[in-house]
Amino acid sequence: MDLKSIMTILVILIILVKNSTQQRVPAVFLFGDSTMDVGNNNNLPTLLKSNFLPYGRDFNHTPTGRFSNGKLAIDFLVKDQLLFETYQVAYLSNEAKIGSNILSGANFASAGSGYSDTTANLYFAVSLSKQLEYFEEYQARIVGMVGEANASSILSNSIYVISSGTSDFVQNYYISPVLQLTYPNIQQFFNVLLTSYARFVQNLYSMGARNVGVATLPPLGCLPGAITLFGFGNSELCVDRLNYDAISFNTRLNSTSQSLRNRLSGLNLVVFDIYQPLYTLVTNPIENGFFETRKGCCGSGLLETSLLCNELSIGTCSNASDYVFWDAFHPSQNANNFLAHNMIQAGISLIYPSSS
């Protein structure tokens, strides 16, 4: 038996051992923006980074590149619901270069990315198109490790999650006179984003994906940074017009997803509603164990994110668990845990496709 055959058998044994611990799917693959990024931006020439304190201060005091004081919503799902022993590594990290670390999947998300590649290009982030190229590269690596048949089985039985869109609006359309002139009716801009979303899902499907989850937009008008930028001096209320845009986009995201399910045989596509649970936290914080909704924990909490949220930021709170938001745009670990529990029921059909 040659060395390559021995290595293939060892890799397959590792997969079997991992699955024997009740891990519910072979692997998880993550795509999107800062709500998913666990460190892909760390070594990119972008200002959108979070690999420094106080980010990660409640994640073993380790700033990994997650835009939170601790875990992301997907972290809770991967560990608590899917029973993985480890998180999916950032594909551009050194950890991903070690073959065994990518057997449980990989994270391709990049802060600043959106459904439109132009959004990612503005911030030197990894666009969805490029994330798909990296996934194709990942597939080739897995085939080389376990063989084509085993790789095909892993890919078809795994879960794929997409979380994107917020940057397209808050960091692009709403601040771009050019885009607003090009698409004076925001529904026209929706068309661009949803066409990109549909193409992305179809490409994933053609590459073997069958169990896909996509997150809706959050209540954009309730993000502290959005209130500061677009609230016209009203610091107490969510910006209604931004929330209306999010609701309208989410309605069309659902209909586009239904169209994809109808066209692509065997596609199990689930929409995770992020809007309603986060809006519930913002409008009913006390009932859900939170006390601050208008500002994030970091700094003033009104605008700080990424490089502006650092150890020198004045006013950073001591207990982020009281806050719905960690910085001006991203939920705290405690809020992410709440979101994850609300996502679990919708995601049951991804874990057990036969139950859908």
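Begin by selecting Ile-175, which touches Tyr-123, Val-170, Gln-180 and Phe-230 when residues up to four places away in sequence are not counted, a contact being heavy atoms within 4.5 Å. The model is predicted, so local features need pLDDT of at least 70 and side-chain atom pairs count only at pLDDT 80 or more, while totals for chains, interfaces and linings use all residues. Residues are numbered from 1 along each chain as its sequence is written, and side-chain values use heavy atoms, with hydrogens and water left out.

Ile-175 sits in the loop between α6 and α7 (177–182), where helices (H or I, at least four residues) and strands (E, at least two) are DSSP runs numbered from the N terminus. Ile-175 is partly exposed because its relative accessible area is 48%, and this term covers what lies between buried (under 20%) and exposed (over 50%), with a 1.4 Å probe and protein chains only.

Next, select residues 240–263, which form helix α10. Its 24 residues reach 35 Å from the first C-alpha to the last, close to the 34 Å expected at 1.5 Å a residue, the expected span being 1.5 Å times one less than the number of residues. The buried residues of α10 include Phe-249, Leu-253 and Ser-257, and the buried residues pack against elements including α8 (186–206), β4 (211–215) and β5 (268–272).

Finally, within helix α10, pick Ser-257, which counts as buried because its relative accessibility is 0%. Leaving aside neighbours within four places in sequence, Ser-257 is in contact with Tyr-197, Val-214, Leu-269 and Val-271.
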